[in-house]
Amino acid sequence: MAKTSTLRLKFDSTRTLAPAPESKSIAKIAERYELFINGKFEKPASKKYFNTVNPATEEVLSKVAAANAADVDKVVMAARNAYNKVWGKMPGKERAKYIFRIARLIQERAREFAVIETLDGGKPIRESRDFDVPTAANHFFYYAGWADKLEYAFPNRNPQPLGVAGQIIPWNFPLLMAAWKIAPALACGNTVVLKPAETTPLTALKLAELIQEADLPPGVVNIITGAGDTGAALVNHPGINKVAFTGSTEVGKIIQKAVAGTGKKLTLELGGKAANIIFDDAPLDQAVEGVINGIFFNQGHVCCAGSRLLVQESVYKQVLQKLKDRLETLIVGDPMDKNTDIGAINSRQQLEVINKYIKIGQQEGAEMFQSSAVIPKKGFYCRPTLFTNVAQSNRIAQEEIFGPVLSIQTFRTEDEAIEKANNTPFGLSAGVWTDKGSKIFNMTSKLKAGVVWANTYNKFDPVSPFGGFKESGFGREGGLHGLGAYLKV
Ligand code: NAI
Ligand code: MG
């Protein structure tokens, strides 16, 4: 027998992995998409269409209808009609069957959804396959279970649906955000008009096809496409009873003003500037991995991204070195490749925002470290970036960047960590890394954040409520709390 050579386990960052691209053949993308109104695809009254592109290659994937105010009027009427005549009266047990069917169909077509999500939005196929699509299906399964148990969720409070919900979602988790919005609304007996973001409309339109297949009564779920003006027309339409919005704090504020005094119920899930906090007693390798996942997951296009890191001074040097080493191993590039860790930035516009902040960080005197990854020439890409020597007042420590950029600061005591973590206009999430349970409990009670993860980060489950404080918005999605946003009690 030949002598075996010694196995070398050390990771060689110069090694290039053979490409492992996912096939596109399963993705059936039409050349043009119409508006999904009353169970049918209808041409827009506006007669206008816009392109949706693949941000990894800049290729046009499809043309999508741009709904105007007349289209919005029509779609709200369809949703109202379906609410009055069918869905609002249907027993919860029956509604549950439809929602359950949607969940099953998403599972059956999971690969197609994952591929289209990656092509349209730029996120790594590994994420859309292993996170976005299964979590979206889980959300429908979970809320299907509640549809006939609303009286148990709100005992002696006679929970009733609100009517028609207008729902506006962003581009960072297109299918998953559609699920977060549609599933609880349907479970509670409301009908829906959903508007996906203009850069990522395709999985919502695929969902419309699936909803047709699931035989949902016409008008219960309607999906219209368009940009901010379409969203504004929906928010301002007098025929809706509820507005649910996820997106920028800027637009959230506009919507809050528009809805004030109208009697429409409102939930807003806006931006964040979350801190991951590493104490010197934390398992450091695990913490570093969590921080990397927290900010580079989905190119940092995550409202609850751990975009700040607070490290206890005594372990700062060690943690920084580990972070830099790990950064160098991250693979940036083709999102369809299963090896890719960091895919494409969602749009040219968002890439410009991120690059602007990278400049601001340098001008503010922070020290920059970027990975030496080679990035593709075509498409929108950004190297993973760290900033050290960051002051609390720096814009890169205060403002949402929504890209793969981490601002690092140090602290000495628990109180200082809490003070720094809370000192931004946002309050969506935070992460704590320590070996001590008592420290975790102390921190979680004092951090002003809707979600605090301990010794992990970016973990989601339909059962857990999610949402923020301060400029991160209000209202909760997920879990029993998520039902409350769609009911009169
Ligand atoms: P955006 O808030 O403009 O877009 C989100 C959704 O709102 C899209 O569907 C859009 O068409 C719609 N919209 C825009 N203007 C509207 C209006 N006046 N009325 C009703 N709907 C309207 O976000 P954008 O411009 O894509 O991204 C800007 C920044 O927002 C990002 O850099 C990031 O910091 C933040 N953001 C936060 C998200 C979150 O999950 N919290 C998601 C997306 C962006
Ligand atoms: Mg696109």
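**View 1. Helix H8 gives the largest share of the shell around ligand 1.** Three residues of the shell come from H8. The model is predicted: local features need pLDDT of at least 70, side-chain atom pairs count only at pLDDT 80 or more, and totals for chains, interfaces and linings use all residues. Residues are numbered from 1 along each chain as its sequence is written, chains are lettered from A and ligands numbered from 1 in the order in which they are written, and side-chain values use heavy atoms, with hydrogens and water left out. Helix H8 spans 228–236, strand E10 spans 242–246 and helix H9 spans 249–259. Each supplies at least two residues of the shell. Helices (H or I, at least four residues) and strands (E, at least two) are DSSP runs, numbered from the N terminus.

**View 2. Ligand 1 is surrounded by 26 residues**. The closest are Trp171, Glu198, Ser248, Leu270 and Glu400. A residue is near a molecule if one of its heavy atoms lies within 4 Å of it. Lys195 places a polar side-chain atom 2.9 Å from an oxygen atom of ligand 1. Glu400 has a polar side-chain atom 2.8 Å from an oxygen atom of the ligand. At Leu270, a polar backbone atom lies 2.8 Å from a nitrogen atom of ligand 1. On its own, ligand 1 has 810 Å² of accessible area, and the protein covers 85% of it. Accessible areas come from the Shrake-Rupley method with a 1.4 Å probe.

**View 3. The magnesium ion (ligand 2) is coordinated by Thr52, Val53, Asp120 and Thr199**. The coordinating atoms are Thr52 OG1, Val53 O, Asp120 O, Asp120 OD and Thr199 O, at 2.2 to 2.7 Å. Donors are N, O and S atoms within 2.8 Å of the metal (3.2 Å for Na, K and Ca); water is not among the atoms, so sites may look incomplete. In sequence the donor residues are spaced T-V-x66-D-x78-T. Distant parts of the chain are linked here: Thr52 is in strand E4 (residues 49–54) and Asp120 in helix H3 (residues 110–121), 68 residues apart. Thr52 is buried, at 1% relative accessible area. Asp120 is buried too, at 2%. Buried means under 20% relative accessible area, exposed over 50%, and partly exposed in between (1.4 Å probe, protein chains only).

**View 4. Asn298 has a positive phi**. The angle is near 55°, in a residue other than glycine. Asn298 sits in the loop between helix H10 (284–296) and strand E13 (308–312). Its relative accessible area is 1%, so Asn298 is buried.

**View 5. Asn455 also has a positive phi**. The value is near 55°, again in a residue other than glycine. The loop that holds Asn455 runs between strand E18 (451–454) and strand E19 (473–474). Asn455 counts as partly exposed because its relative accessibility is 24%.

**View 6. Asn81 lies in helix H1 (residues 69–87)**. This residue is partly exposed, with a relative accessible area of 39%. Asn81 and Ser347 are 266 residues apart in sequence. In space they are 37 Å apart, C-alpha to C-alpha.

**View 7. Asp341 is found in the loop between helix H11 (316–329) and helix H12 (348–363)**. Its relative accessibility is 18%, so Asp341 counts as buried. Asp341 and Val243 are 98 residues apart in sequence. Their C-alpha atoms are 35 Å apart in space.

Notes. Polar contact = N/O pair within 3.5 Å; in protein donor to acceptor, adjacent residues only side chain to side chain.
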